[in-house]
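Colleague: Could we go through the side-chain contacts in this model? I would like to begin with charged pairs and then turn to the nonpolar core.

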Amino acid sequence: METATQHHVEVLARLKANLESCILGKSAEIELLLTAMLAGGHVLLEDVPGTGKTVLIKALAKSINGQFRRIQCNPDLLPTDITGVSIYHPKKEEFLFRSGPIMTNILLVDEINRATTKTQSALLEAMEEQHITVDGDLHELPSPFLMLATQNPIDFEGTYTLPEAQLDRFMIKLSLGYPSEAAEKMMIASQSKAHPMEALQAIADTKQVLEIQEQVRQVHLDEAVADYLVTISRKTREHHAVFLGASPRATLSLVLASKAYAFLHGRDYVIPDDIKYLAPFVLGHRMILQMEARMDGVSIASVLATIFEQVRVPVRLEK
């Protein structure tokens with residue numbers, strides 16, 4: 001790798017260590033979060049309350065010296081509460097745009113499934129187009145823009161299921177889960193006097209994040225590896241247990257995520273293991289099983305495992 005690229009890889013290693021000082025024992029999940037950020041994607045965190053989701057996202061914003069905003073979703077939340085609104089100014093005799101919390105670098109949408117479908121739809125344009133439309137006028141979002149939404153998997157009262165179109169716009173879906181016993185003991189010791197986030201320092205800035213995102217796009221994807229990725233994606237649409245398979249958008253998301261994951265590990269090329277590891281997190285939430293398959297106990301994980309067994313892994317033979 002070139003010197004500039006090596007420097008950015010070192011920055012990412014320090015950034016990862018920064019986040020691990022706040023959220024103990026979740027190295028793999030932190031890597032997935034950084035992968036989404038570097039790939040320019042959004043993350044859906046499905047987990048029970050109190051597992052450190054908000055702390056992790058705040059720590060990320062602080063580590064890249066980015067602006068952080070939070071939206072607490074509920075049935076009363078309106079689309080304009082997210083995007084902003086145009087207000088008439090009597091002296092100037094014109095409408096002035098007052099931006100909403102979506103105008104930020106890191107946006108936490110807490111309990112997204114508690115917002116009504118109308119309010120949820122206000123996020124779609126921002127997630128895909130990186131801008132919002134208010135009263136017919138386009139407003140570009142700050143760059144980089146990363147949206148992290150949370151939802152509680154066990155509390156269904158007063159919630160609205162996320163539509164497939166919105167799920168498809170999340171690059172990665174993951175769960176933090178409970179910490180291990182050792183990590184929980186370390187957490188008690190580390191927070192006995194002060195929270196680690198109080199001492200957290202910025203490792204990078206938003207300009208560096210944009211530079212790394214540009215370098216991620218230059219990561220090499222060999223034609224044989226690309227064929228492997230596309231075959232996996234297409235197999236999800238052909239599997240007998242699957243009602244709705246991965247979309248072309250999902251295929252592109254897996255490409256970008258694989259490149260980001262490779263860069264995060266100091267490589268300027270994607271290997272099949274990157275794709276195999278990321279596929280459940282990138283494709284899983286975009287797939288819907290047949291009703292009969294769900295009744296028979298079939299899971300998305302088992303379907304993907306079957307697909308991995310069916311698809312031949314490309315191997316380069318050195319002469």
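**Salt bridges and cores**

Modeller: E181 is exposed, and K185 is exposed as well; exposed means over 50% relative accessible area, buried under 20%, and partly exposed in between, with a 1.4 Å probe and protein chains only. This is a predicted model, in which local features need pLDDT of at least 70 and side-chain atom pairs pLDDT 80 or more, while totals for chains, interfaces and linings use all residues. Residues are numbered from 1 along each chain as its sequence is written, and side-chain values use heavy atoms, without hydrogens and water.

Colleague: What does E181 form with K185?

Modeller: They form a salt bridge, with the closest N and O atoms 3.4 Å apart. The criterion is a side-chain nitrogen of Lys or Arg within 4 Å of a carboxyl oxygen of Asp or Glu.

Colleague: How many salt bridges are there by this rule?

Modeller: The count comes to 11. One of them joins K16 and E31, at 3.9 Å between the closest N and O atoms.

Colleague: Are K16 and E31 buried or exposed?

Modeller: Both are buried.

Colleague: Which residues are linked in a network of salt bridges?

Modeller: E128, D168, R169, R249 and R286 are. Within it, R249 and E128 meet at 3.4 Å, N to O.

Colleague: Why does R249 count as partly exposed?

Modeller: Because its relative accessibility is 26%.

Colleague: Turning to the largest nonpolar core, which members touch the most others?

Modeller: M37, L60 and L283, of 68 residues. Such a core is a set of buried Ala, Val, Leu, Ile, Met, Phe, Trp, Tyr and Cys residues joined through side-chain atoms within 4.5 Å.
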